[in-house]
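Please examine the sequence and the structure shown below.

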Amino acid sequence: MTDISLEKEQKIADELERTFPNLTARVRRARRVMASLEKELIPSVLVHAKDNLGFHHLSHMSVVDWIEDEHFEMVYTLWNHEKRVQLTIKTMISRDNATMANIDTIWRQANTYQREMREMFGIEFPGFVGEKDFLLEDWDEMPPMRRDFDTMEYANKTYFSRPGREDAQDVRDTISKRNGEEVPDFAKKYSREK
Amino acid sequence: MREKATTLYLGPQHPGITGNMMVKLKVEGDTIQSASTHVGYLHRGFEKLMERRNWLQSFTILCRICVPEPDPNEENFARAVESIEGREVPERAKWIRAMVLELARIGTYLLWFAGQSGSAGLYTMGQWSIGDRDYILDLFEELTGGRIYHMYIWPGGVRRDLPKGFKDKVLQTMDYLEKRLVQYDKLMFDNTIFQKRAKGIGWIDPAKAIEWGVVGAPLRAAGIASDVRKDDPYEIYDKLDFELGHATTSDVWGRSQVRRFEIEQSINMVRQIMDKMPEGEYYNRIPNPMKWEVPPGEAYVKTESARGEFGFYVVSDGSNKPRRVHVKGPAYVHAVTLLEDLLKGANISDVSFIMNSLGTCPPEIER
C-alpha cells in the first residue's frame, strides 16, 4: 500500500485542538478527521470550522441513542470542498430533558434535521423555530426513534389484524376455504398446510 | 389593486416525481409568495426497522429508500459495513459495483428526462426515455433477478458474477443509448418551448450554493465542480477517465445540460469498466448472516447518486444488528429548505418544473 501523507488532515486536527483546548481531534485516515468535545462548545466550533477552516458544507447531522449510558450522541459531519477533507464533530448530551444548541442560523438546512430530531428523539433546541409536525402527524406517544420505543407493542396496540391472519395462516388457504376456490398446484408447494 | 393572497395545497401527487409530498403555497394571482414542504405520506420507519433486523436482512429494506435509484443505498450500506468491519472487497466486485452504479445513473437520468420534459408539457420525450430506460432494467433483471430493487451489492462484494454474454449486451445497449441521445436533443434541448421554460427559472445563487447544502447536478450547474466520485473517490472511480458536467447559468436549463452531458460520460464509463474489469473473485464471503456480528464502530459513507451526494451514517455496537442507520439523500435538503426558497416569486406552473430539476425524491426524505 502506498504511503499517503496525512499532512493536511493533521494540520486541521492541530488547529482545532489549539483553538479549543477542551477538544480532542484525531485523524482517522486520509480525508477523515474526527473531533469530540462538550456540548456547550458545539456552536463555536461549527462557526469556526465554517468561517475559518473552510468547512462550508454540512454533509450530515445525526443522533445516536445510547440508552445504556443514558445519553444521546450528536454527530455533525462537515465537508471542505477545497481541501477535500471530512470533519466529524461529536458530543454527548443527557437523555433526560435532552437539549442541544440550535444551529440553523449557521446552516439553514439544519432546520430540517432538527425538526426530525425533535420529533423522533424528543431533543429540544431552545430558540428554534420550525413547524412541529415533520414526518408524523398528531403524535403524542414516546418519540419513536428512541431505543425504548417498542414498535411491535405499538403496532399491536394501535392496529388490528385482518380476519384470517390472526394465527399466521397462509392467506391463500384462507381465501380458498372462504370462497371454495382450489389453490393452484404451483402455489401448493409454498403452502404452510401440507 | 393588490390581489388577495390565497393558500394553495399542491400535491401530494406531482407530475414526474416518484413519491408523494405536498407543497403548501401562499399565492397572489399565480405568483408564489411563500412555500413550505409538507412530507409524511411515505414514512415507513425504515431506520427503526433496520435496528431490529440483522445486517443482511436490512438490504431488503434499504433499497426501497429511493425508488428511481436504489443502488447507491445498497452500495453505501455495504461499504459502511465493510468499513466498520475492515472487510476486503475483491477487485472485480468493485468494478462490477461501479458498473451497476453507472447503469443506475443512466436509468435515473432517463427517468428524470421524462419528469423534466413532462412537466413542461413535452410528453413524447417521457415516453421515449422511459421506454429506453427499460433496456437498462432488462440488464439489471438479467444480472440480479430484479428490475427495480436489486439487493445485488452486499457486504464483501456482489451477489453473483456477470452472466455469460452480459458484456456484449451491455455494450450493445450503450451503443443504442448513445444514438438515442441525438434524438433526445432534437426533441427536448433544441425545442423552443423547453428552452423558454427552462432558462432563468429556479435560479440558485452560486455564492450560497455550498452553504445551502446544494449537491450534485444543481451544484455543478452553478459552476462549482463538485462530485463525490472525484472529490472523495470510492470503489474504482479513481481509475476511470471522466469529466463532470458544467454550466454556469444555475437554472433549470443549466441543470438539464449537466445531466445530458453526464449521460454521455456514464455511457463512456460503462465502456471503460467493461474493457478494464479484471477476472477473479467477486465475493468475500461473510459468516453465517444470522450470527454475523459486526465489531463496534461507525462510518459515514457517501456516493454520488444521480441526484447528488447520498450519505449513510451507520453505527454498530458489536451485535448482529445495526445500532443506528441514518440516511441522508440529496432531496432532504433540496426538496425542503432549498425548494421553499426557490419557489418564492415563481409561477405556480413552474413548481413541478423546479422540483424535477432539483431531483426531488420524497421517499428518501421520509425513509
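In chain B, 70% of the contacts with a separation of 6 or more are between residues 24 or more positions apart; two residues are in contact if their C-beta atoms, placed from the backbone, lie within 7 Å. This is a predicted model, in which local features need pLDDT of at least 70 and side-chain atom pairs count only at pLDDT 80 or more, while totals for chains, interfaces and linings use all residues. Residues are numbered from 1 along each chain as its sequence is written, and chains are lettered from A and ligands numbered from 1 in the order in which they are written.

The C-alpha trace of chain B spans about 75 × 45 × 35 Å along its principal axes. A compact globule of 367 residues would have a radius of gyration near 21 Å, and the 21 Å of chain B therefore agrees; the radius is taken over C-alpha atoms, and the globule rule is 2.2 Å times the number of residues to the power 0.38. Of the 367 residues of chain B, 51% count as buried, that is, with 20 or more other C-beta atoms within 10 Å of their own.

Chain B contains 13 helices and eight strands. Both are DSSP runs, numbered from the N terminus: helices are H or I with at least four residues, strands are E with at least two. Three of the strands form an open sheet in the order β6-β7-β8 (chain B), with antiparallel pairing; two strands pair if DSSP finds at least two bridges between them. The edge strands, each pairing on one side only, are β6 (297–305) and β8 (322–328) of chain B. Nine bridges join β6(B) to β7(B), residues 308–316, and one of the bridge partners is Gly308(B), which faces Ser305(B).

The largest nonpolar core has 140 residues. Such a core is a set of buried Ala, Val, Leu, Ile, Met, Phe, Trp, Tyr and Cys residues joined through C-beta atoms within 7 Å. Leu87(A), Val314(B), Leu339(B) and Ile354(B) touch the most other members, and helix α4 (residues 91–118) of chain B gives the most to this core, with 16 residues. Leaving aside residues up to four places away in sequence, Leu87(A) touches Ile12(A), Val33(A), Ala35(A), Ala49(A), Phe55(A) and Leu78(A).

Where the chains meet, 26 residues of chain A are in contact with 27 residues of chain B. On the side of chain A that touches chain B, β3(A) gives the most, with six residues.

Note on methods:
Buried ≥ 20, exposed ≤ 12 C-beta atoms within 10 Å, placed from the backbone.
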